[in-house]
Amino acid sequence: MKRLLSIIFALAGILSLHAQGSLSPAQILAKAVSNISNSRGVEATFSVYNSGYSGKGVIKTQGNKYKVTLPDVEVWYNGKDMFTYNKRAAETTLVTPTPEEIAETNPLVYVANARKNYNVSFSTVKKQGKYVLELTPKVKGEEVKRVTLTLNNSTFSPEKIVVEPKRGNPITMEISSFKTGTNSSVSEFEYPKSKYPNVEIVDLR
């Protein structure tokens, strides 16, 4: 009887490992990318950590537009120009951002553009109920050394994004809520000048 139970448990373990490994890293990543790119809009609640800074925020995206709200900073990107409002300085900067500046303010871009810009493999870190992928740049000379992406293994939604630059400290984004199919108005991604009539806008374009 004990021998029979041992065989059953061994088979169960083999089947479990087979189920977990049935998708390749590229297939898992494709599902995660589709989650974002095929959605009308995305809204995520997150915590961000970098160089001793921590804060909780919300990001809304629709196509290539997005808005980020943090305790001290708000960012609006309308697909062309980026407005960043610094609450402590009571100042707003306006730039036409580079792809790197977009990624710095919207880490979901790393997921959306991953198949084009990165090689993907399973991370050596294992987490139950999660897929952990490691992304490394396809092109040498990129500022990013590695991106570690943790996905829910049922929904393929991102739960954690760790961006490791070649210089400086990692940026960690932990996502507590991830909703797809949201529908935001276009005005949400435009800087609300009327809301901040006394705030100076520094145009750096």
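1. Pro25, Ile28, Leu29, Ala32, Val33, Asn35 and Ile36 are buried in α2. Buried here means under 20% relative accessible area, exposed over 50%, and partly exposed in between, with a 1.4 Å probe and protein chains only. These residues of α2 cover an arc of only 150° around the axis, which puts them on the same side of the helix. The arc is taken from the directions from the helix axis to the C-beta atoms. An α-helix has 3.6 residues a turn, so residues three or four places apart point the same way.

2. Basis of the values. This is a predicted model, in which local features need pLDDT of at least 70 and side-chain atom pairs count only at pLDDT 80 or more, while totals for chains, interfaces and linings use all residues. Residues are numbered from 1 along each chain as its sequence is written, and side-chain values use heavy atoms, with hydrogens and water left out.

3. Helix α2 has 13 residues (25-37) and should span 18 Å at 1.5 Å a residue; its end C-alpha atoms are 18 Å apart, which agrees. The expected span is 1.5 Å times one less than the number of residues. Helices (H or I, at least four residues) and strands (E, at least two) are DSSP runs, numbered from the N terminus.

4. Salt bridges come to nine. The rule asks for a side-chain nitrogen of Lys or Arg within 4 Å of a carboxyl oxygen of Asp or Glu. One of them joins Lys67 to Glu74, with the closest N and O atoms 3.9 Å apart. Both Lys67 and Glu74 are buried.

5. Arg205 and Asp81 form a salt bridge at 3.4 Å, N to O. This pair links distant parts of the chain, 124 residues apart. Arg205 sits in the segment after β12 (200-203), and Asp81 in the loop between β4 (73-77) and β5 (82-86). Asp81 is buried, at 9%.

6. Lys160 pairs with Glu174, the closest N and O atoms being 3.9 Å apart. Lys160 lies in strand β10 (158-165) and Glu174 in strand β11 (171-180), so the pair ties together parts 14 residues apart in sequence. Lys160 is partly exposed, with a relative accessible area of 24%. Glu174 is partly exposed too, at 33%. Elsewhere, salt bridges that share partners join Asp81, Asp203 and Arg205 into one network.

7. The largest pocket holds about 910 Å³ of space. On a 1 Å grid over the protein atoms alone, a pocket is an open set of points where a 1.4 Å probe fits, with protein on both sides within 12 Å along at least five of seven lines; lining residues have an atom within 4 Å of a point. Grid points are joined across faces, edges and corners, and the volume is the space filled by probe spheres set on them. The lining has 37 residues, and Pro99, Ala103, Val109, Tyr110 and Asn113 lie nearest the centre. α3 gives the most to this lining, with five residues.

8. The second largest pocket holds about 450 Å³. Its lining has 20 residues, of which Val48, Leu70, Glu104, Thr105 and Ile171 lie nearest the centre. Elements that each supply at least two of its lining residues include β4, β5, α3 and β11.
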